[in-house]
Amino acid sequence: MLFEPLKIRDVSLRNRIVVSPMCQYSAKDGHVGDWHLVHLGKFAQGGAGAVFVEATAVERRGRITHGDTGIWDDAHIQGLQRIASFVKSQGAVPAIQLAHAGRKASMARPWYGNGPLTPEDSTRGDKPWSTVAPTERSLGEGWITPRAMREGDQQTVLTAFKEAARRAHAAGFEMLEIHAAHGYLLHSFLSPISNDGSAEERMRFPLQVIEAVRQAWKKPLFVRVSSIDDVDGGWQLEDTIAFAKKLKQIGVDVIDCSSGGILGSATAATKTLIPRVPGFQVPFAESIKQAAGIRTMAVGLILTPQQAEEVANKVDLVAVAREALFDPNWPLHAAQALGADPEFARWPVQYGWWLTRRESLLRKLGVRK
Ligand SMILES: Cc1cc2nc3c(=O)[nH]c(=O)nc-3n(C[C@H](O)[C@H](O)[C@H](O)COP(=O)(O)O)c2cc1C
């Protein structure tokens, strides 16, 4: 199943493996560079069905760190175009995640502490900036107090998302994901931890943004959600299911089912109620698929080909992040492990031609069975 192609709208994926968006904290004023091209290019060469560019800010103030990639200016298109074009040339679908960090903007890069920007960061040139959020509630002690967004601010952000979708199209991307997870702006609207009002009221602005993007973007549209906040009194799976039903009505194609992040990092070792074990978020993707009748993608500690195959039998797409950092050729290796590529036919010809011949030699020598 993992190597069954999948068609979403007019876009065909060669398999069900997606490289999840991963911030590299290495952009300059939002511009991608050679690092991003090689980083993402490797995954396309490595056989993934689709490769996502990291959380890319729709507004300058919506960056998590100074090193985030951006798409708030037409000048960002050219660099992104190089990536989309190379990824596509390697047979993978080029995809990009659009994001606004909200109250989690103005942070230090992970290797400088992953917290609020400090005077030490300022000496490196990374000065703090002011942030916006649904309410003035900050992420926690020591964090910047955001300014509560008014109607006009909401219109500005909505337009920024729409404009970003236009630029993503101009750059040649074929799939788009809206980041509504991990405590960033749209998630902070959804969650009762960071916003007031009924669930219906909290969903209103994220739905408006997603609907506006849906109208501007005709190709496959994903929305990443935190299926649960994973803190007491937070957003629950039932809320996500209700939200997913509305997203389906709007015309969203896939729900990317992550979790957490409303009060801290979604990936670093923060205290969680749900134990972080292999595949811990897969049940969310399964439930949301069944209850909302929409395609879902699972992510989170999916490590082995056999595990991924099992996941692919339950949901539509399987996303890998850190495992792809560990082994950029993970999809090609998974294909071999599952018997889906005995002849290196899925490898780039520049590598496969040599590897088939080496394999025959190794068999003759008895090194391989
Ligand atoms: C270096 C790094 C950067 C990340 N950046 C993003 C991001 O830009 N957007 C996002 O939605 N998730 C981001 N994540 C989360 C991953 O997409 C993924 O959901 C998470 O790492 C769990 O999958 P894994 O166990 O396969 O790593 C990031 C994770 C890592 C390790």
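Select Asp 29 to begin: Asp 29 is partly exposed, because 14 other C-beta atoms lie within 10 Å (a residue is buried with 20 or more other C-beta atoms within 10 Å of its own, exposed with 12 or fewer, and partly exposed in between, C-beta atoms being placed from the backbone). The model on display is predicted, so that local features need pLDDT of at least 70 and side-chain atom pairs count only at pLDDT 80 or more, while totals for chains, interfaces and linings use all residues. Residue numbers start from 1 along each chain as its sequence is written.

**Two residues with positive phi**

Asp 29 sits in the loop between strand 3 (17-19) and helix 1 (34-45); helices (H or I, at least four residues) and strands (E, at least two) are DSSP runs, numbered from the N terminus. The phi of Asp 29 is near 45°, a positive value in a residue other than glycine. Most residues other than glycine have a negative phi.

Select Arg 9 next, in the loop between strand 1 (6-8) and strand 2 (11-13). Arg 9 is not a glycine, yet its phi is positive, about 50°. With 13 other C-beta atoms within 10 Å, Arg 9 is partly exposed.

**The ligand shell**

Now display the 21 residues around the ligand, of which Ser 20, Met 22, Ala 55, Ala 321 and Arg 322 come nearest. A residue is near a molecule if its C-beta atom, placed from the backbone, lies within 6 Å of it. Strand 4 (50-57) and helix 10 (322-326) each supply at least two residues of this shell. Colouring the shell by class gives 10 nonpolar, 7 polar and 4 charged residues (Ala, Val, Leu, Ile, Met, Phe, Trp, Tyr, Cys and Pro count as nonpolar, Asp, Glu, Lys and Arg as charged, and the others, Gly among them, as polar).

**Helix 4 against helix 6**

Select residues 151-171, helix 4, together with residues 199-216, helix 6: their axes come within 9 Å and cross at roughly 30°. Axes are lines fitted to C-alpha atoms, for helices over the stretch in contact, and angles run from 0 to 180 degrees between N-to-C directions. Helix 4 is therefore roughly parallel to helix 6 (angles under 35 degrees count as roughly parallel, over 145 as roughly antiparallel, 65 to 115 as roughly perpendicular and the rest as oblique).

From helix 4, the residues in contact include Leu 158, Phe 161 and Ala 165, and from helix 6 they include Phe 205, Gln 208 and Val 209; two residues are in contact if their C-beta atoms, placed from the backbone, lie within 7 Å. The residues of this contact divide into 9 nonpolar, 2 polar and 2 charged.

Within helix 6, pick Gln 208. Gln 208 is partly exposed, with 17 other C-beta atoms within 10 Å. Gln 208 and Leu 158 are 50 residues apart in sequence, and their C-alpha atoms are 7.6 Å apart in space.

**Helix 6 against helix 7**

Among the contact residues are Met 203, Leu 207 and Glu 211 of helix 6, and Phe 243, Lys 246 and Leu 247 of helix 7. By class, this contact has 8 nonpolar, no polar and 4 charged residues.

**Last stop**

Finish at Asp 196, in the loop between helix 5 (185-190) and helix 6. Asp 196 counts as exposed, because it has 10 C-beta neighbours inside 10 Å.
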